[in-house]
Amino acid sequence: MPQTVRGVVARTKGAPVTVENIVIPDPGPGEAVVDIAACGVCHTDLHYREGGINDEFPFLLGHEAAGTVEAVGEGVTDVAPGDFVVLNWRAVCGNCRACLRGRPWYCFNTHNATQKMTLEDGTELSPALGIGAFADKTLVAAGQCTKVDPEASPAAVGLLGCGVMAGLGAAINTGNVQRGDSVAVIGCGGVGNAAIAGARLANAAKIIAIDVDDRKLEWATNMGATHTINGKDLDVVKAVQDLTDGNGADVVIDAVGRPETWKQAFYARDLAGTVVLVGVPTPDMTVELPLIDVFGRGGSLKSSWYGDCLPSRDFPMLVDLYQQGRLDLDAFVTEKIGIDDVEAAFTKMHDGTVLRSVVEL
């Protein structure tokens, strides 16, 4: 039977979110109902509330989550009721050209649950990134569930569902940071700090954190940065070069996603180095560069989609590293809050006073 639970809803553009009763249908073929334990407050949720993703209001917000599978629909074999899972927003199809070429982390046909969750009056909800996890329970495609160690903290490992994975993956998967590399990260919020943690995991020799906020640079140091640069006070490109024998970093990760930061990343890398764009630009942003510089500097200019992760491969591995004490996911959890506190968490996130607020349900 359908269930009525609480969920955080954005009804109209820019309006404060509200906690409302929502209706969760029984899972159909290929679907699962997940009892949510914890869900991080991600900037993408704020983008949804502000109409920055699309205008398909009302939205059921939340997507960076962990919980327990309650029920599965016909044909589901990878997860079962009782499994502890981290949710992901890229359930791979297995049949598109990327999957058939053995590159499922680029899957071009990811999918969500077919059925719709609704308000009590029958109004269909648009779940954020196909998940909608600021709720007691949610309906997802079973492929959006990745089984992990049930002893892990939901508040910590749920963050792998979006921001932390995006940053870690930008360093490890997209940037292919190697032992002994020099790495610079521009922007030290949640994603940037995760990139720093990823570079540390990869045994980078030098990890340079760049921001205009000393508080964020302190967070970065705690995550493993070996050097910090405040972009308000210094020429970022020159400062990175000064720290790398005049050469520039092997890998530079732009976790901000603005033309000026991307150009800093482009010129702060060594010859034949790699630039990774993981911060999301707006559609109106453009970059102009001398083409001879693009040719002459060589190397790779990459974008990182969800850290180029494959959840079935990466989530269990990273949870194991967390359980072994080698990846401090707890450090990303600034505060734990209730479902009624999401609007206040948006304000704190916008002000830059938290890495992550996590809703516990």
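When I say helix or strand, I mean DSSP runs, H or I of at least four residues for helices and E of at least two for strands, numbered from the N terminus. Asp 245 isn't a glycine, yet its phi is positive, about 60°. Buried or exposed? Asp 245 is exposed, with a relative accessible area of 73%. For the cut-offs, buried is under 20% relative accessible area, exposed is over 50%, and partly exposed is in between, with a 1.4 Å probe and protein chains only.

Quick housekeeping: this is a predicted model, so local features need pLDDT of at least 70 and side-chain atom pairs count only at pLDDT 80 or more, while totals for chains, interfaces and linings use all residues. Residues are numbered from 1 along each chain as its sequence is written, and side-chain values use heavy atoms, with hydrogens and water left out.

Now Tyr 306, another non-glycine with a positive phi, about 55°. You'll find Tyr 306 in the loop between strand E16 (300-303) and helix H10 (311-323). Tyr 306 counts as buried, at 4% relative accessibility.

One more backbone item: the peptide bond from Phe 57 to Pro 58 is cis, omega near -5°. Pro 58 sits in the loop between helix H1 (43-49) and strand E4 (59-60).

On to the helix pair. How do H4 and H5 cross? The axes of H4 (residues 163-174) and H5 (residues 190-201) come within 7 Å and cross at roughly 45°. That makes H4 oblique to H5; angles under 35 degrees are roughly parallel, over 145 roughly antiparallel, 65 to 115 roughly perpendicular, and the rest oblique. Axes here are lines fitted to C-alpha atoms, for helices over the stretch in contact, with angles from 0 to 180 degrees between N-to-C directions.

Who touches whom? On the H4 side the residues include Gly 163, Ala 166 and Leu 168, and they meet H5 residues including Val 191, Ala 194 and Leu 201. Contact means heavy atoms within 4.5 Å.

As for H5 itself, nine of its 12 residues are buried, so H5 is largely enclosed by the rest of the structure. The cover over those buried residues includes H4, strand E11 (182-186), strand E12 (206-211), helix H6 (214-223) and E14 (249-254). And just after H5, Asn 203 takes a positive phi of about 65°.
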